[in-house]
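Hello,

Here is the structure I promised to pass on to you. Have a look at it first, and then read my notes below.

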Amino acid sequence: MSVQKEIKRVTTRTLQDLKQRGEKISMLTAYDFSMARMVDAAGVDVILVGDSASNVMAGHETTLPITLDQMIYHAASVIRGTNRALVVVDLPFGSYQGNSKEALTSAIRVMKETGAHAIKLEGGEEVVESVKRILSAGVPVMGHLGLTPQSIYKFGTYVVRAKEEEEALKLIHDAHLLQEAGCFAIVLEKVPAALAAKVASQLHIPIIGIGAGSGVDGQVLVLHDMLGINTEFKPRFLRKYLNLHEQITGAIANYVKDVKSRDFPNDSESY
Ligand code: KIV
């Protein structure tokens with residue numbers, strides 16, 4: 001009899017347990033089947049099909065242009081590449097801000113058409129009604145506070161958020177509202193480390209940081225940034241684990257050279 005080790009899927013409950021045990025949560029983005037397979041195999045707890053796909057996959061300057069149909073295409077591909085990570089999908093700009101019914105309709109489309117496990121949306125008090133309505137249909141919701149890229153034209157800049165007391169107090173208030181509404185976790189983007197640590201210590205749900213210091217319950221990065229596929233994006237919070245841009249362009253340049261010089265294909269590579 002062969003003994004096959006069963007792979008247990010990470011759930012929202014797992015994340016809660018990790019926080020309680022003081023074990024950090026790892027989260028990365030992915031947008032396609034092949035990358036998702038590697039991210040999942042490497043043991044990442046949460047895969048975010050982020051609307052950053054608008055930037056890193058489609059080449060847009062902001063996250064605003066990506067559509068719900070495009071997010072669904074990315075998410076369905078990611079799901080096919082995973083069997084362990086919890087997969088969370090961003091509701092894109094324009095798919096939930098109208099009202100809570102629109103938010104629920106978008107969330108249901110994501111869940112039905114992709115097989116994902118949860119959705120994420122940006123904002124505090126203004127999205128609480130939508131969070132509750134989506135949750136009432138049984139769909140887990142992750143919040144996102146601090147720098148919220150879908151509001152970039154309101155902020156006018158990608159600098160650190162909530163440095164002033166008034167904005168910091170509003171962020172803490174919003175985090176509590178999202179927790180009370182039922183969010184299973186919150187992403188905190190680009191806020192002072194001390195503020196993020198305070199939120200993580202006050203809330204019982206996991207706080208996942210990006211540019212929010214080490215006092216939170218987990219970390220998230222955009223896959224293409226941490227692998228060094230993007231060379232232009234160099235914020236202070238980003239740790240690059242590879243320089244894939246250089247390695248991939250180098251490998252492709254070698255291929256071009258081999259084709260031009262007739263070195264490729266050789267006899268053993270031919271039929
Ligand atoms: O879209 C995204 O990749 C995100 C992360 C930066 C958290 O929301």
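**What I found**

Pro-265 sits in the segment that follows helix α11. Please keep in mind as you read that this is a predicted model. The peptide bond that joins Phe-264 to Pro-265 is cis, with an omega of about -5°. As background, most peptide bonds are trans.

Phe-264 also belongs to a nonpolar patch on the surface, together with Ile-248, Ile-252, Tyr-255, Val-256 and Val-259. Together these residues have about 520 Å² of accessible area. One of them, Tyr-255, is part of helix α11, which covers residues 244–260.

Now to the barrel. Eight strands form a closed barrel in the order β1-β2-β3-β4-β5-β6-β7-β8, and their pairing is parallel. From one strand to the next, the twist averages 25°. In general, the strands of a sheet pair through backbone hydrogen bonds, either parallel or antiparallel. Gly-209 has Gln-219 in β8 as its bridge partner.

The loop between β7 and β8 has something to show as well. Asp-217 lies in that loop and Lys-19 lies in helix α1 (residues 12–21), so this pair ties together parts that are 198 residues apart in sequence. The two residues form a salt bridge, and their closest N and O atoms are 2.9 Å apart. The structure holds nine salt bridges.

Next comes the ligand. Which residues surround the ligand? They are Thr-29, Leu-48, Gly-50, Asp-51, Ser-52, Asp-90, Lys-120, His-144, Val-187, Glu-189, Ile-210 and Val-222. Several of these are worth a click:

- Ser-52 has a polar side-chain atom 2.5 Å from an oxygen atom of the ligand.
- Asp-51 has a polar side-chain atom 3.0 Å from an oxygen atom of the ligand.
- Asp-90 has an N or O atom in its side chain that is 3.1 Å from an oxygen atom of the ligand.

Taken alone, the ligand exposes 260 Å², and the protein buries 95% of that.

Ala-162 is not a glycine, yet its phi is positive, at about 60°. In general, most residues other than glycine have a negative phi.

Key. Residues numbered from 1 in each chain as written. Predicted model: local features only at pLDDT ≥ 70, side-chain atom pairs only at ≥ 80, totals over all residues. Heavy atoms only, no water. Patch = residues over 30% accessible without salt bridge, like charges linked within 9 Å, V, L, I, M, F, W, Y side chains within 5 Å. Areas by Shrake-Rupley, 256 points an atom, 1.4 Å probe, with all protein chains shown as cover. Salt bridge = Lys/Arg side-chain N within 4 Å of Asp/Glu carboxyl O. Helix = DSSP H or I, 4+ residues; strand = E, 2+ residues; numbered from the N terminus. Pairing = 2+ DSSP bridges. Axes fitted to C-alpha atoms, helices over the stretch in contact; angles between N-to-C directions. Near = heavy atom within 4 Å. Polar contact = N/O pair within 3.5 Å; in protein donor to acceptor, adjacent residues only side chain to side chain.
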